[in-house]
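Please open the structure in a viewer and keep the selection panel at hand.

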Amino acid sequence: MENSVQSSSNVSALGLLVLVTMCVLTWRLQRRNAVMPLLIVTCYMPLGQQLVVAGLNLQFFRILLLVGFCRVWARAERVGLRLTTLDRMFIWWAVVTIVVGTLADLSFSRFINRAGIALNGVGVYFLVRCWVRNLDDVAHGVRFLAVMIVPLAASMIVAGAWGSGVTYL
């Protein structure tokens, strides 16, 4: 499968406003709510909304991951977490994804692509590990997802019924 590569930034004014708002929310919300902006951007922002810097596609999702990592580091939210067997397995998955994916098509662009996929997975995994600490946090997140997904579902129903919908910014 051929990966499409976008070589220039593509950011709408509304998309930039959403990104800035989600970055502020990621930084300011309580720990258990910090994952919510990531969920919103994942569901509502198209991957085409991105900044391209030095050939790296910084999708809004990845920018929020970076803000999240800065928050975890600045607030020491990782304190008390120990590396588990599952954590190690996830790290090995990332390494294998990068190595095997790059070997399948030896090129620097393929390496960057595989590293981006690994960054997405490992980034989300470890941020959730830092922010979601107990079953109450999980239940809170699931309730948020249940409410957040309603407008997206409605938009998909409209798109299916009339052949168009507002599913992008």
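The stops below each give a selection and then what is found there.

This is a predicted model, in which local features need pLDDT of at least 70, side-chain atom pairs count only at pLDDT 80 or more, and totals for chains, interfaces and linings use all residues. Residues are numbered from 1 along each chain as its sequence is written, and side-chain values use heavy atoms, with hydrogens and water left out.

Select Cys 23, Leu 38, Val 41, Phe 60, Leu 64, Leu 127 and Trp 131, the residues with the most contacts inside the largest nonpolar core, which has 19 residues. A nonpolar core is a set of buried Ala, Val, Leu, Ile, Met, Phe, Trp, Tyr and Cys residues joined through side-chain atoms within 4.5 Å; buried means under 20% relative accessible area, exposed over 50%, and partly exposed in between (1.4 Å probe, protein chains only). Helices H1 (13–28), H2 (36–44), H3 (60–74) and H5 (108–131) each give two or more residues to this core, and the largest share, seven residues, comes from H3. Helices are DSSP runs (H or I, at least four residues), numbered from the N terminus.

Next, select Ala 94, Ala 118, Val 122 and Phe 126, which are among the five residues of a second, separate core.

**Cysteines.** Cys 130 is buried, at 8% relative accessibility, whereas Cys 43 is partly exposed, at 26%.

**Helix H4.** Finally, select residues 85–104, the helix that holds Val 100.
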